Amino acid sequence: MLFRTRTHPRSSPAPGLGARAVGLLAVVGLAALALPMSDALAAQLPVGLGAADSFAILAGSTVTNTGASTINGDLGLSPGTAVTGFPPGTVNGTIHAADGVAGQAQVDLTTAYNDAAGRTPPLAVSGDLGGLTATGGVYKSGSSLGLTGVLTLDAQGDPNTVFIFQAGSKLTTASGSRVELINGAQSCNVFWQIGSSATLGTTSAFVGNILALTSISMNNGVALNGRALARNGAVTLINDTITAAPCTAGGGGTGGGGGTGGAGAGGTALVTTASPLVAQQIARFGTGRCVDGDFRATVRGLLIRRVVFSVGGRVIANRVKAPFEAMVKSAAGIHTVTARVTFTDSTPAATLRLRFRACEEAVVRASPSRTSVGFTG
């Protein structure tokens, strides 16, 4: 899980923090970056959508629908003129095809796209975001992004928390994948800046404002809580539901409130595994499929002072310098590796958990060449 305590939004756009994904239960690998403290502390402001804000769908070339899609918000197209499939699709808003309203929305979308693309400093993510729990900030992939399983966005009790994902090329979600909001996170504050096109898989449940340079395609039965805004290409729908929900004062999502740190709170931490195969399996199946063989649990992040690893309440490793890691050897049954992280600044301590099912009798021990406390079970 990526843990970050954030300050409240400031009066000018400022950088956020992210994490590097390898696809596992709570999150995936992060390379710790040396960031100026002022950058590490700054919170992101929302990306202003301007006239595009009222649109659930906005495209440049065509909007094409098959089946009983429902659009909760306006539908716009500019400079193209071809909007097809309504009906049978339903638009609970206004259709603007090649008119001045759609034209201005496209101008403002370009501004928003460039704003989102320029947000700094990002922490690098790559590959599949499945299993990641992310706090507010900027997450960047120089190439494509994917989502298999669940991506959780945690606002830590602050409904103004902003999440920005930057992809150099495409975004692709797998069938049945989903984005979940917890602790006050709101879909209106989630932004996906996509350098080419986005494709949402069948029955996936996606969250946020997709700002795509080219096209956006939604396969059958997608639910998008946000906006599909394509600058130059088409938006294609098949029996989908898109809702351009506004921000609310109380926030959205589920779960209890989270704490916020003081003026010096900029620490981050995440727990992952060194093996991409193990990471992907845990992210996709959780405890529904057992892990065969040992793996290394690792905590990485910013401003980490100490990490204490435990399993079943028994401490198995105490690390005061990088690498913060412990070796986990396969065990029969369900287990949870707990990492208690403290920071060098005023960031509150974080408790990270990695839950997995092992195929055979288990022993969890500290990583090789380090003092270890072994245990069975």
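**Close-up 1. The disulfide of C290 and C359 is right-handed, with 90 degrees about the S-S bond.** In this predicted model, the sulfur atoms of C290 and C359 are 2.0 Å apart. C290 lies in the loop between α3 (276–285) and β26 (295–302), while C359 lies in the loop between β31 and β32 (363–366), so the pair ties together parts that are 69 residues apart in sequence. C290 is partly exposed, with a relative accessible area of 29%, and C359 is also partly exposed, at 30% relative accessibility.

**Close-up 2. A disulfide joins C188 and C247, whose sulfur atoms are 1.7 Å apart.** This link is right-handed, with 105 degrees about the S-S bond. Because C188 sits in the loop between β17 (178–182) and β18 (190–194) and C247 in the loop between β24 (241–243) and β25 (268–273), the pair ties together parts that are 59 residues apart in sequence. C188 is buried, with a relative accessible area of 11%, whereas C247 is partly exposed, at 41% relative accessibility.

**Close-up 3. Four strands form an open sheet in the order β28-β27-β30-β31, with antiparallel pairing.** The edges are held by β28 (314–319) and β31 (350–358), each of which has a single partner strand, so one side of each is left without a neighbour in the sheet. On average, and with direction ignored, neighbouring strands of this sheet are turned by 20 degrees against each other. Strand β30 (residues 333–343) pairs with β31 in the antiparallel sense over nine bridges, and H335 stands opposite F356 in β31.

**Close-up 4. H96 is found in strand β8 (residues 95–97).** H96 counts as buried, at 13% relative accessibility. Leaving aside neighbours within four places in sequence, the residues in contact with H96 include F55, D74, L75 and V101.

Terms used
Residues are numbered from 1 along each chain as its sequence is written. This is a predicted model: local features need pLDDT of at least 70, side-chain atom pairs count only at pLDDT 80 or more; totals for chains, interfaces and linings use all residues. Side-chain values use heavy atoms; hydrogens and water are left out. Two strands pair if DSSP finds at least two bridges between them. Helices (H or I, at least four residues) and strands (E, at least two) are DSSP runs, numbered from the N terminus. Axes are lines fitted to C-alpha atoms, for helices over the stretch in contact, and angles run from 0 to 180 degrees between N-to-C directions. Buried means under 20% relative accessible area, exposed over 50%, partly exposed in between (1.4 Å probe, protein chains only). Contact means heavy atoms within 4.5 Å. A disulfide is a pair of cysteine sulfur atoms within 2.5 Å.
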